[in-house]
Amino acid sequence: MTQDPEKLRQTLISWFAESRKQILAEMAKPLDVARKSNRNDLVTNVDKANQQFLIDHIKAEYPTARIIGEEGHAHDDTDLNGLVFFVDPIDGTMNFVKQQAHFAIMIGVYRDGQPVVGAIMDVMRNEVLSGGPEIPVTFAGRTLTKLPDLQLKDGLLGVTGPMTIKNRLHLGDIALASSGPRMSGSAGMEFIEIALGRQLGYVSYLQPWDVAAGMAITKGLGVQFSREDGSPIDLRQPGVVVAATPQAHRTILTMMAGE
């Protein structure tokens, strides 16, 4: 089966279109909601069903690929060799449950640890952000261009609530140093905002499937990614992700270090 990035992008978009129909149909029914690690870490029957739907399609089209998924699927988080699909079937489950809006489907595809293509769907708006190192970044069919390199003070910053409220790694101070903090509750929705130039960055503690798609897409627009100490993102492990355009990225790391 071909692994041409543009062909793969179109395949992901077609899967998302089918997935969206199923999600909307399930939203008309009562949800089966369960807790995972705590009361704010939820999973629903729709998360599980959508992940299985996507896994089935991946296995049918790319039978030798590895799959790292959020819900109820064995993670192979020590080996990124070959073709690897990072799957987040409902990104922003709390939003999905409480608001029935502001949630996404995400898939990031990597080969030997390097990005091939990423795709993020804003389910309720039926809009897809996608792209990769060898193909243009597009949103809802429109090609996006490189982002302006603004200073932190000149743009909005996406942040995670718990880290910001507790000022962990000075994130509360960093948020106040920007034009203003934004908390969407969905990494996918944050990366869409960044790609469209409506935010200059995003800082959160993320799992590999939370960041893989956004990183594959937005690096090509000039977004820099690192851990809080400036080290590269390791997609075998969760951790703090600092994603921002260059000037803002430098300022965030400096403030996190308490300098």
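Colleague: What makes the five strands an open sheet, and in what order do they come?
Modeller: In this predicted model, the order is S11-S10-S12-S14-S13, with mixed pairing. The sheet has edges: strand S11 (180-182) and strand S13 (224-226) each pair on one side only. From one strand to the next, the twist averages 20 degrees.

Colleague: How do you know that strand S12 and strand S14 pair?
Modeller: Pairing takes at least two bridges. S12 (residues 201-206) and S14 (residues 239-244) have six bridges, in the antiparallel sense, so they count as a pair. If you want a spot to look at, Val203 stands opposite Val242 in S14.

Colleague: Which strands does helix H7 touch?
Modeller: H7 (residues 208-218) packs on the sheet against S12, S13 and S14, and its direction makes about 150 degrees with that of S13. Then there's helix H8 (residues 246-256), lying across S10 (156-159), S12, S13 and S14 and running at about 145 degrees to S14.

Colleague: Why is H1 called roughly antiparallel to H2?
Modeller: The axes of H1 (residues 5-27) and H2 (residues 45-61) come within 10 Å and cross at roughly 155 degrees. Angles over 145 count as roughly antiparallel, so that's what H1 is to H2. The crossing is right-handed.

Colleague: Which residues make that contact?
Modeller: From H1, they include Trp15, Gln22 and Ile23; from H2, Phe53, Leu54 and His57 are among them. By type, the contact residues divide into six nonpolar, five polar and three charged.

Conventions
Residues numbered from 1 in each chain as written. Predicted model: local features only at pLDDT ≥ 70, side-chain atom pairs only at ≥ 80, totals over all residues. Heavy atoms only, no water. Axes fitted to C-alpha atoms, helices over the stretch in contact; angles between N-to-C directions. Helix = DSSP H or I, 4+ residues; strand = E, 2+ residues; numbered from the N terminus. Parallel < 35°, antiparallel > 145°, perpendicular 65-115°, else oblique. Left-handed = near helix turned anticlockwise from the far one by under 90°. Contact = heavy atoms within 4.5 Å. Nonpolar A, V, L, I, M, F, W, Y, C, P; charged D, E, K, R; others polar.
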